[in-house]
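Hello,

Here is the structure I promised to pass on. Please have a look, then read my notes below.

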Amino acid sequence: MERRNVIRVGTRKSQLARIQTDSVVEMLTNKFPEAHFEIVAMSTTGDKILDTALSKIGEKSLFTKELENALERNEVDLVVHSLKDLPTSLPPGFTIGAVCKRESPYDAVVFHPKNAEKSLESLPTNSTIGTSSLRRAAQLKKHFPHLQFKDIRGNLNTRLKKLDEHDDFSAIILAAAGLRRMGWENRIDQVLSPEQCLYAVGQGALAVEVRAKDQDILNMVSALLDPQTVLRCIAERAFMKRLEGGCSVPVAVSTSIEDSQLYLTGAVYSLDGSDCLKETMQRTVVFPHEDVEGPNDDCQHVGITALGVPRRALEAADYLGTELADLLLSRGAKEILTVARQLNDAR
C-alpha cells in the first residue's frame with residue numbers, strides 16, 4: 001500500500017488525551033512498522049472553559065472542533081478522541097474510521113482520603129459528591145437520596161487534586177476507563193454497576209476520526225477496529241441520536257453481545273432522577289456467510305465507517321438504537337428531556 005512519509009496524529013493536550021493517543025499510535029506502529037507517526041497536540045474550547053459545567057455550555061463539539069479544523073486543513077491526517085466526546089452527527093467530510101477495543105465503560109467512585117473505607121451507601125447524610133455529568137447525578141440522586149451533588153470541572157488531575165486537597169467533596173465520580181489509562185486504578189474505591197448507574201454513550205471507547213475521502217488512512221486505521229465495540233457503540237449512538245441527546249440531558253445506556261444477540265438498555269431521566277424511562281431490546285448481529293463492507297462502501301452509521309464488519313450487522317445495530325429510542329419516545333421521553341433541558345438552562 002502506498003504510504004505517505006509522515007502521518008500526523010492530532011490530539012488534545014491533556015495528559016489523558018496524550019496517553020490515549022500514544023496507545024493508538026503504538027497499535028498502528030505495530031501493524032504498520034514502515035510508517036512514521038508524528039503527534040500534534042492542541043487545546044480545545046472544552047479545555048479552556050474550566051469554570052462552567054459542560055451541560056451549561058451546550059456546545060456539542062466542545063472537545064473536537066479545533067481538532068477537526070486541523071483535519072480539514074490537512075494539518076493532521078487522523079485524530080484520536082474519547083468516543084463519548086464525539087457528537088452523533090459529524091460535520092460533512094469526516095468519519096470515525098476506527099473504534100478500538102473498549103476499556104471498562106463503567107463509572108467509578110473516588111473517595112476523599114478521610115472516607116477511604118466507605119461506599120456511597122454508607123456516606124453520612126448530605127455528603128457532597130462531585131460530578132459534572134447530569135447523567136450520573138440524575139441516576140445517583142435516585143439511588144442515594146441522602147447525598148448531595150455538585151459540579152466539578154477540570155481534567156482528571158485537577159479533579160483529583162480538588163478532592164484530595166479540600167473538604168468540598170466527600171467523593172467524586174469519574175469514568176473508570178480514564179483512571180485506568182492514567183495508571184490510577186488504585187484510586188478506584190467503588191465501581192458502579194449498570195443497575196446503579198448506566199453509562200454514557202461510547203464511554204470507555206477510543207475513536208479515530210479521519211477525512212472520509214482519505215482512503216489510504218481510512219484503510220490503515222480500520223485495522224484497529226474492534227467489531228464488538230463498534231456494534232455496541234453504533235447502537236448506543238443511534239439511540240442517542242434519535243433522542244437528540246447530548247451533554248445537556250440525562251441519557252444513559254448499557255450494551256452487551258451474547259450468543260449472536262446485541263442487547264441495548266437505554267434510559268432517560270429527569271434532572272433529579274425521579275422520572276425515568278428505561279427499557280432493554282435485542283437484535284441478532286451475527287449472520288452466516290455475509291459480505292462485509294468493502295473499501296468502496298461509503299456507508300456511515302452514526303458517523304462510523306466500519307470496514308470489514310458485515311453490513312447487515314451494522315444496520316441491525318443502528319436499527320436497534322433507533323427502535324429503542326422510538327419506544328421511549330412513545331412513552332414520553334421527549335417531555336422528560338425537554339423539561340430536563342429547560343431546567344438545566346435555567347440553573
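Is glutamate 165 buried or exposed? This is a predicted model, and in it glutamate 165 is exposed, with a relative accessible area of 52%. The cut-off for exposed is over 50%. Its partner in a salt bridge is lysine 161, at 3.9 Å from N to O. Lysine 161 counts as partly exposed, at 48% relative accessibility. Both residues lie in helix α6 (residues 156-165). They are four residues apart, about one turn of the helix.

The count of salt bridges comes to 17. One of them joins glutamate 103 and arginine 180, with the closest N and O atoms 3.1 Å apart. This pair links distant parts of the chain, 77 residues apart. Glutamate 103 sits in the loop between β4 and β5 (107-111), and arginine 180 in helix α7 (residues 176-181). Glutamate 103 is partly exposed at 23% relative accessible area. Arginine 180 is partly exposed too, at 34%.

Now a buried pair. Arginine 211 and aspartate 214 form a salt bridge (3.2 Å, N to O), and both are buried. Arg211 and Asp214 also belong to a network of salt bridges with Arg8 and Asp77.

Last, helix α4 (residues 65-72). Its buried residues are Leu67, Glu68, Ala70 and Leu71. They lie on the same side of α4, because they cover an arc of only 155 degrees around the axis. These buried residues pack against β1 (6-12), β2 (36-42), β3 (78-82), β4 (94-99) and β10 (206-211). Just after α4, asparagine 74 takes a positive phi of about 60 degrees.

Best wishes

Terms used: Residues are numbered from 1 along each chain as its sequence is written. This is a predicted model: local features need pLDDT of at least 70, side-chain atom pairs count only at pLDDT 80 or more; totals for chains, interfaces and linings use all residues. Side-chain values use heavy atoms; hydrogens and water are left out. Buried means under 20% relative accessible area, exposed over 50%, partly exposed in between (1.4 Å probe, protein chains only). Helices (H or I, at least four residues) and strands (E, at least two) are DSSP runs, numbered from the N terminus. The arc is that of the directions from the helix axis to the C-beta atoms. Contact means heavy atoms within 4.5 Å. A salt bridge is a side-chain nitrogen of Lys or Arg within 4 Å of a carboxyl oxygen of Asp or Glu.
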